[in-house]
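I open this notebook to record what I looked up, entry by entry. The structure is shown first, and my notes follow.

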Amino acid sequence: MIVQYDVVVIGGSYAGMAAALQLLRARRSVLVIDAGKRRNRFAAHSHGFLGQDGASPAEIARAAREQLYAYPTLTWIENTVEAAAGEKDSFTVTTADGARHEGRRLLFAIGVGDRLPEIEGLADRWGRSVFHCPYCHGYELDRGAIGVIATGPMSVHQAQLIPEWGTVTFLTNDALTLDEAMRADLIARGVTIEETPIQRLDGEADVVLADGRRLAFAGLFTASRNSPSTPIASSLGCALAETPFGSQIGADNMKETNVPGAFACGDVARVPHSVSLAVADGAWAGATIHRSLVF
């Protein structure tokens, strides 16, 4: 016999757990299905999250999950959701082992994948010495030399902002052409513009250029392109929305998608991204889902 839960949460990272907490405290039955691939699993420390500044991301997630287990209406499954179907009050999700689970509401807290610049050595350093968020990682670079690797026009904004945290070199890497106004603005902010293409990354955060020069940095920033980590929401009919950073699941102010009864929160449903913002978004989604069950 298949149990119908009040809410099935797909994704058990920070946003999904924050949503589940609100629902559990309303004494609703919640099933969390998690594949165990937090976006920040490569980072050793999480910063900018009040009360957890400098803590291990894994430890934050572990402690949060332990707190959820204090509520008797929680069920947690470690698995991957491969299919979602149905409608409001009657959704069905199927996991990789073939099991089917039903819920009156669905919440997609599936996070996003990062499409990184195709530069040798960059992916190996992602989350360790190559970052996307200066509010999360800029302070620890101790106002040292920072490289910003361009991925497109939005990278100019990143290069304009990051001098707050150190001495910046903007590596255009053939990803964009600067007009005179952009160039003048960057120079006025003290940014060095380097237009020689990048050959590879080396050492901790060294950039080896195509002409053989090596530039040493305390850390590097780049703007990854994002998309939902799995197409599961789209397969249900949830529309995607384009952002300056890529695509996300479209959701209204109550975090409901265009599919009635299906909600989305966290990095997959908002920009910009951080642990703090994901938790806040998840908490709001949990409350609004609860209200949808009541009213």
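Entry 1, domains. I note at the outset that domain bounds come from an automatic or database domain assignment, and that the model is a predicted one. For the protein chain, I find that this assignment gives domain 1 as residues 4–114 + 225–293 and domain 2 as residues 117–222. I then looked up the separation of the two domain centres, which is 32 Å when taken over C-alpha atoms.

Entry 2, the boundary between the domains. I asked how many residues of domain 1 are in contact with domain 2. I find 10 residues of domain 1 in contact with eight residues of domain 2. The area buried between domain 1 and domain 2 is about 810 Å², and carbon and sulfur atoms give 58% of it. On the side of domain 1 that touches domain 2, I record four nonpolar, four polar and two charged residues. I looked for salt bridges between domain 1 and domain 2 and noted a count of zero.

The secondary structure of the protein chain comes to eight helices and 19 strands. Its radius of gyration is 21 Å, close to the 19 Å that the globule rule gives for 295 residues, so the chain is as compact as a globular protein of that length. I also recorded the box filled by the C-alpha atoms, roughly 65 × 35 × 35 Å along the principal axes.

Which residue places a side-chain oxygen by the backbone nitrogen of Ala-181? I find that it is Asp-179, whose oxygen reaches to within 3.1 Å of that nitrogen at the start of helix α6 (residues 180–188). After α6 comes Gly-190, with a positive phi near 85 degrees.

In the loop between α1 (14–25) and β2 (30–34) I located Arg-27. Arg-27 is a residue other than glycine, yet its phi is positive, near 60 degrees. I then turned to Pro-272, which is found in the loop between β19 (262–264) and α8 (275–294). The peptide bond from Val-271 to Pro-272 is cis, and I note its omega near -5 degrees.

Terms used:
Residues are numbered from 1 along each chain as its sequence is written. This is a predicted model: local features need pLDDT of at least 70, side-chain atom pairs count only at pLDDT 80 or more; totals for chains, interfaces and linings use all residues. Side-chain values use heavy atoms; hydrogens and water are left out. Contact means heavy atoms within 4.5 Å. Buried area is the accessible area (1.4 Å probe) that two parts lose on being put together, summed over both. A salt bridge is a side-chain nitrogen of Lys or Arg within 4 Å of a carboxyl oxygen of Asp or Glu. Ala, Val, Leu, Ile, Met, Phe, Trp, Tyr, Cys and Pro count as nonpolar, Asp, Glu, Lys and Arg as charged, and the others, Gly among them, as polar. Helices (H or I, at least four residues) and strands (E, at least two) are DSSP runs, numbered from the N terminus. The radius of gyration is taken over C-alpha atoms; the globule rule is 2.2 Å times the number of residues to the power 0.38. A polar contact is a pair of N or O atoms within 3.5 Å; within protein, one must be able to donate a hydrogen and the other to accept it, and residues adjacent in sequence count only if both atoms are side-chain atoms.
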